Amino acid sequence: MSMTNNEFEKQLGKLASVISRSLTYYSAWDAVWPTEETVKALTRFRDFFSPVRGALFEVLLLQVSKVWDGEDGTLSLPDLLASAREDMEGLVPHANPRELDDMCEQLEQQKIVLEYLKSMKDQHLTHLDAHPFDDWTIRKADVDNLVKSVQMVFNKVSVAHERSQHSWSIQATKSAWVTTELLRVLGEEAGRRRSDLHDTDA
């Protein structure tokens, strides 16, 4: 039995919530990834930010996995695309079969990346000599592309359904800004402490 238009929209909304949570965790994780601007604060407070970064990464993978696995009452994005294929005229009137194929192919490619990232995380956590929260073995570009691809495919489905992209929550932007600002303040404080110690020694 084909999905109704209302059911399709309801599932889109639920998936949007899952992806929004993923974007929020990703934004915070991305902000605590070491850069030239943040490395001083991250090094100074490593015993705090290393487990935070590790926890954010694990929750991020958990949330992104729901795009493929679904959760209670929420279809996976591949299943939603399968339903759309059964009734393109009613559910995705602004797309053609080739465009749906491209969306499915993108998801299949990113599913491989997701499984790779989960495998790397699991391997690292079982390595007894490794710090339990270090993630230097993770290719950041893989995570970036995974999250952005999921968001892009969802937007394509939304456009195919009603000719409009989803309006994402600004929470992810807020999380990124607050985390970056926190690291900036901590970095400045760490710099002042080193300067004070140097003056004292002198």
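The side chains of Glu9 and His161 are joined by a polar contact of 3.2 Å. This is a predicted model, so please take the distance as a computed one. Glu9 is located in helix H1. If we set aside the neighbours within four places in sequence, Glu9 is in contact with His161 and Glu162. For Glu162, the C-alpha atom is separated from that of Glu9 by 9.6 Å, while the two residues are 153 apart along the chain.

That brings me to the helix pair. Two packed helices are described by the angle between their axes and by the distance between those axes. Here the helices are H1, residues 5-31, and H7, residues 140-162. Their axes come within 11 Å and cross at roughly 155°. An angle over 145 degrees counts as roughly antiparallel, and therefore H1 is roughly antiparallel to H7. The crossing in which H1 passes H7 is left-handed.

Which residues meet there? On the H1 side they include Phe8, Leu12, Leu15, Ile19, Leu23 and Trp29. On the H7 side, Val143, Val147, Val150, Phe154 and Val157 are among them. Sorted by type, the residues of this contact are 13 nonpolar, three polar and six charged.

Next, two arginines. Arg163 lies in the loop between H7 and helix H8, which spans 171-201. Its phi is near 60°, a positive value in a residue other than glycine. Most residues other than glycine have a negative phi. Arg163 has a relative accessible area of 63% and is exposed.

Arg53 belongs to helix H3, residues 46-69. Buried or exposed, in the case of Arg53? Arg53 counts as buried, because its relative accessibility is 3% and the cut-off for buried is under 20%. The side chain of Arg53 reaches the backbone oxygen of Val32, at 3.4 Å.

Last, the chain as a whole. The secondary structure amounts to eight helices and zero strands, so the pattern along the sequence reads α-α-α-α-α-α-α-α. Of the 202 residues in the protein chain, 42% are buried. Taking contacts between residues at least 6 apart in sequence, 76% join residues at least 24 apart. The pair I began with, Glu9 and His161, links side chains through a polar contact, and Glu9 sits in H1.

Conventions:
Residues are numbered from 1 along each chain as its sequence is written. This is a predicted model: local features need pLDDT of at least 70, side-chain atom pairs count only at pLDDT 80 or more; totals for chains, interfaces and linings use all residues. Side-chain values use heavy atoms; hydrogens and water are left out. Axes are lines fitted to C-alpha atoms, for helices over the stretch in contact, and angles run from 0 to 180 degrees between N-to-C directions. Helices (H or I, at least four residues) and strands (E, at least two) are DSSP runs, numbered from the N terminus. Angles under 35 degrees count as roughly parallel, over 145 as roughly antiparallel, 65 to 115 as roughly perpendicular and the rest as oblique. A crossing is left-handed if the near helix is turned anticlockwise from the far one by less than a right angle, and right-handed if clockwise. Contact means heavy atoms within 4.5 Å. Ala, Val, Leu, Ile, Met, Phe, Trp, Tyr, Cys and Pro count as nonpolar, Asp, Glu, Lys and Arg as charged, and the others, Gly among them, as polar. Buried means under 20% relative accessible area, exposed over 50%, partly exposed in between (1.4 Å probe, protein chains only). A polar contact is a pair of N or O atoms within 3.5 Å; within protein, one must be able to donate a hydrogen and the other to accept it, and residues adjacent in sequence count only if both atoms are side-chain atoms.
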